[in-house]
Amino acid sequence: ILQGGRYYALDRAINAVYGKTPTTVSLCAKRKYSPAEGKWKVNIFNEDLKKLEAMSESVSSIVIGDTIATGTTLKGVIDHVLRLGIVGSETKIIVYSIAGTFDRLQWLDDYPNVSVVVSNVDLHLHDNGTDLQFGGKARFTKKAREYVDDVLGREFSENHVKCAIFDWGDRFRNPKEHLEEVLEYYESLSNTTSLPSYFQELLQKYSRSLQSHS
């Protein structure tokens, strides 16, 4: 499990469906843009080495939960796992993303044992390589499209939601700073744009929460 999928509760989901408790391995992968090379690079650290070393080619499948933007960290982790020699020729690697996009996953063609499932919406990736958005090239399931339209409205969701998940790391590591950033963005937006009632209620809730912890 990557840090981006730490709160996906995939271990509980697998146990609920199959009645088995999977071995959970936590990997941290951080990407960094290299201007000199003109591409994103990935560094992997804080891994459960003992659990990884205890595995063997008998592993039938590996399930990875991750939030996918450029897919740089995902590819880096898959390559890392393959180099460890714990994956056999029949091992399936299944990636599940609650918030993600296929936009830059062309490299999957070179990994026949890897399959990626994106939940509900194949989001649009902004040119900054970080923000996942409802507009642009986003593709929805029918129910997801109806839900987003009902809660946020088509025009607002496509043109004013900066990111569908809005810095997925800081929302857990630095929740106070995360909420302050969210509030600053949408409060400034409210000066020129009518916010859906759903957003207004959330902003009031977040504002009260910050005030109570200040």
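Before I start, a word on conventions: residues are numbered from 1 along each chain as its sequence is written, and side-chain values use heavy atoms, with hydrogens and water left out. Since the model is predicted, local features need pLDDT of at least 70 and side-chain atom pairs count only at pLDDT 80 or more, while totals for chains, interfaces and linings use all residues.

The protein chain has eight helices and nine strands, where helices (H or I, at least four residues) and strands (E, at least two) are DSSP runs numbered from the N terminus. Of its 214 residues, 42% are buried, and by buried I mean under 20% relative accessible area, with exposed being over 50% and partly exposed in between, using a 1.4 Å probe and protein chains only.

Let me turn to the helix pair. The axes of α7 (residues 175–189) and α8 (residues 197–212) come within 10 Å and cross at roughly 135 degrees; these axes are lines fitted to C-alpha atoms over the stretch in contact, and angles run from 0 to 180 degrees between N-to-C directions. That angle makes α7 oblique to α8, given that under 35 degrees counts as roughly parallel, over 145 as roughly antiparallel, 65 to 115 as roughly perpendicular and the rest as oblique. On the α7 side, the contact (heavy atoms within 4.5 Å) is made by Lys176, Leu179, Glu180, Leu183 and Tyr186, and on the α8 side by Phe199, Leu203, Tyr206, Ser207 and Leu210.

Which residues touch the most other members of the largest nonpolar core? They are Leu152, Phe156 and Tyr186, out of 25 residues, a nonpolar core being a set of buried Ala, Val, Leu, Ile, Met, Phe, Trp, Tyr and Cys residues joined through side-chain atoms within 4.5 Å. At least two residues of this core come from each of α4 (142–151), α7 and α8, and α7 gives the most, with five. Leaving aside neighbours within four places in sequence, Phe156 is in contact with residues including Val161, Tyr186, Leu189 and Phe199. There is also a second, separate core of 21 residues, among them Val25, Leu27, Val87 and Val95.

Finally, Ile98 lies in the loop between β4 (92–97) and β5 (114–118). Ile98 is partly exposed, with a relative accessible area of 44%, and beyond its neighbours within four places in sequence it is in contact with Tyr8, Asp66 and Ser119. From Ile98 to Ile68 the separation is 30 residues in sequence and 8.7 Å in space, C-alpha to C-alpha.
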